[in-house]
Every structure is written in structure tokens, then in C-alpha cells.
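Here's a quick briefing on salt bridges, a pocket and a surface patch. Have the model open while you read.

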Amino acid sequence: MLIANPKATSTSRRARDILMRAFAGDLDLVLAETGHRGHATELSRQAAVDGYDVVIVLGGDGTVNEAVNGLLAHGPSPDLPALAVLPSGSTNVFARTLGLPGDPIGATKAVLEALRAGRYRTIGLCTAAHPGGAERYFTFCAGVGLDAEVVREVERRRAAGATAYNSLYVQTAIRHFFSGTDRRRPALTLEQPGRPPKTGLFLAFISNTSPWTFMGRLPVNPSPKANFSRGLDVFGMRSLDVGPTLGAVAQMLTARARPVQGRHVVNVHDAAEVTLRAERPMAFQLDGDYLGEQRSVTFRSVPKAIRIVI
């Protein structure tokens with residue numbers, strides 16, 4: 001099944017048709033276009049029920065996330081369809097982290113070669129759950145605090161007609177840092193089973209792989225040791241003063257092998273589970289999808305969760 005999001009940034013009907021023709025000689029392919037939010041989840045869940053071998057997603061990180069949650073609706077299983085990704089969103093963090101070409105045509109060639117050779121990789125994912133909400137998988141990152149607030153503001157601007165270029169995220173982040181977020185009252189506490197709690201956090205990034213995201217071609221990497229075969233990593237900040245924040249951002253943008261360091265920085269590596277508790281409702285995002293405000297979210301690592309065509 002090829003699940004295509006016709007509204008993803010850079011997607012066009014011509015590109016989709018080219019992909020269909022490219023796959024036609026090798027696969028018995030069924031096209032399913034998404035028509036509303038959550039539709040990719042419904043389609044991939046049905047693909048698992050119907051016994052498809054592979055689900056191919058043509059879309060951005062949000063569409064991939066939906067498809068993953070549909071495939072894993074009843075948990076990991078070796079009998080589930082494998083997942084292939086053809087990036088056509090604005091950033092495509094998951095596909096790029098897997099090493100795929102950044103355009104759907106180049107990725108099609110790579111995925112076809114992998115299918116012909118029978119190349120698959122089983123990777124770990126993470127889940128997030130909050131009181132009153134269902135557990136949800138994410139592929140590369142989650143966030144509570146400032147980054148989720150920026151995602152929320154970008155989604156509002158996109159709904160008003162803006163295009164999701166990297167510059168939109170950067171401009172929104174700078175504006176929101178100085179005039180939107182609360183930089184005076186830290187509200188988050190990080191809890192890890194068997195460890196003392198870490199209090200006084202303004203924000204936290206939870207990573208399942210590295211980099212956390214991209215700024216154009218430049219990786220943004222607060223937790224460079226995170227990878228699909230380990231547990232989850234956490235980066236947190238105890239200060240949003242300009243100096244410490246600029247220092248942390250500079251380290252994220254510099255190629256290196258160790259996490260961001262600093263007096264106001266909190267790092268966790270290879271954790272099976274962490275919980276973030278907030279003194280007030282805090283913005284929350286998964287894989288770049290804004291999911292509202294929460295006061296408690298528990299994140300859990302799920303090893304060997306899904307097979308990827310790669």
C-alpha cells in the first residue's frame with residue numbers, strides 16, 4: 001500500500017504518478033490518498049489487518065508518524081507490514097536520519113533497490129502517554145515547553161496560509177523566545193525510575209535518534225548519542241537567559257560526539273522510561289506535531305518496534 005499525502009510540502013500529483021510508474025513493474029501496488037488528519041493511521045491499521053507486506057508512505061514526518069501508529073495499533077509484531085518512507089515534507093527528519101535521499105524520486109530508487117534485495121532493518125521507537133490520553137508512538141523526537149510552543153505557533157501560521165520553510169521555524173522561534181514563552185518560571189520536573197528527580201526545567205527534548213532536527217542541511221543535535229538501537233535520550237534547560245541559551249544552541253549546531261554541556265543543562269542517555277511533570281499545563285509535541293498542553297507525560301523506549309525497508 002502506498003499512502004500518499006497530497007497536501008504535504010513539495011508533493012505534487014506528477015511526482016506521485018512518477019512514483020507509481022516506478023513501482024508498478026516490481027510491486028502489486030495499491031494507492032491510498034489521505035483526506036484528513038489521522039487518515040494515514042486508519043489506512044495503515046487496515047493494511048496490517050489485510051496482510052499487506054509493505055506500507056510505503058509518501059509524505060512528511062507527520063504522515064509517517066500517523067502510519068507508524070496505525071501499524072503498531074496493537075503493539076509490535078514480526079507479522080506486521082514493513083515500513084518504507086518516501087520523503088515529501090518540509091524537513092523529513094525521520095527519512096534523512098535513516099540515510100534516505102531527501103527527495104521522493106531519489107528515495108524511490110533507494111527503496112526499490114532495498115525491496116529487490118530484501119534489505120530490512122528493525123529499529124526501536126518511543127511512546128508518549130499522558131493521563132486521559134492513549135499511548136502514542138514517535139519516531140525521532142518529542143518535546144515539552146519552548147519547542148512545542150514554536151510548533152504550535154508555526155501550525156497556526158500555516159493554517160493562515162504560510163509555507164513551512166525552515167526560515168518560518170527560525171523566525172517563529174526567535175520571536176517566541178523573546179516575546180512569547182515564560183523565561184522566568186521553570187515548571188518542569190524530570191523523573192526517572194530509581195534516580196533522584198531533576199527539577200527547575202524550562203524545556204525538555206526527548207530523542208529516539210540523532211539529530212533532533214535539521215535547519216536546512218545543518219543538523220541540530222542536542223543528544224548526538226541517541227540512536228534507534230538504544231533507549232531514549234533527554235536534553236533539558238534550567239535557564240532560558242540569553243547567554244546560556246545561545247551557548248546551548250551553538251553546541252547543537254556544531255559537529256561533535258558528546259551532548260550539549262553547561263551549568264544549566266540536563267542530559268539523560270539511553271533511558272528505558274522518563275516522566276515529565278509540570279506545575280502548569282505545558283505545550284507538548286511529537287515528531288513535530290502539536291498535541292496540546294499537558295501536566296504530565298511519560299515517555300517509554302520500545303526496542304525492535306518496527307521493520308524498515310532500508
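Let's start with Arg300, which forms a salt bridge with Glu135, the closest N and O atoms being 3.0 Å apart. A salt bridge here is a side-chain nitrogen of Lys or Arg within 4 Å of a carboxyl oxygen of Asp or Glu. Arg300 lies in strand β16 (residues 289-309) and Glu135 in the loop between β5 (120-129) and β6, so the pair ties together parts that are 165 residues apart in sequence. This is a predicted model, where local features need pLDDT of at least 70 and side-chain atom pairs count only at pLDDT 80 or more, while totals for chains, interfaces and linings use all residues. Residues are numbered from 1 along each chain as its sequence is written, and side-chain values use heavy atoms, with hydrogens and water left out.

**Salt bridges**

- The count comes to eleven salt bridges.
- Arg300 is partly exposed, with a relative accessible area of 32%, and Glu135 is partly exposed too, at 41%. (Buried means under 20% relative accessible area, exposed over 50%, and partly exposed in between, with a 1.4 Å probe and protein chains only.)
- The side chains of Arg152 and Glu293 also meet in a salt bridge, at 3.7 Å from N to O. That pair links distant parts of the chain, with Arg152 in helix α6 (residues 146-159) and Glu293 in strand β16, 141 residues apart. (Helices, H or I with at least four residues, and strands, E with at least two, are DSSP runs numbered from the N terminus.)
- Arg152 is buried, at 14% relative accessible area, whereas Glu293 is partly exposed, at 43%.
- Arg152 and Glu293 belong to a network of salt bridges that also links Glu153 and Arg156.
- Asp182 pairs with Arg280 in a salt bridge, 3.5 Å from N to O. Asp182 sits in the loop between α7 and β8 (188-191) and Arg280 in strand β15 (residues 273-286), so the pair ties together parts that are 98 residues apart in sequence.
- Asp182 is partly exposed, at 23% relative accessibility.

**The second largest pocket**

- About 220 Å³ of space lies in the second largest pocket. (On a 1 Å grid over the protein atoms alone, a pocket is an open set of points where a 1.4 Å probe fits, with protein on both sides within 12 Å along at least five of seven lines; lining residues have an atom within 4 Å of a point.)
- Its lining has 15 residues, and Thr41, Asn69, Glu135, Arg136 and Tyr137 lie nearest the centre.
- α2 (39-49), α3 (61-71) and β6 (136-138) each supply at least two lining residues, with the largest share, three residues, coming from α3.

**The nonpolar patch**

- Val170, Ile174, Phe178, Met215, Leu218, Val242 and Leu246 form a nonpolar surface patch, with about 610 Å² of accessible area together. (Patches are made of residues with over 30% relative accessible area and no salt bridge; nonpolar side chains, meaning Val, Leu, Ile, Met, Phe, Trp and Tyr, are joined within 5 Å. Areas come from the Shrake-Rupley method with a 1.4 Å probe.)
- α7 (166-179) and α8 (242-252) each supply at least two residues of the patch, and α7 gives the most, with three.
- Leu218 lies in strand β12 (residues 218-220) and is partly exposed, at 37%.

Methods
Points joined across faces, edges and corners; volume = space filled by probe spheres on them. Patch = residues over 30% accessible without salt bridge, like charges linked within 9 Å, V, L, I, M, F, W, Y side chains within 5 Å.
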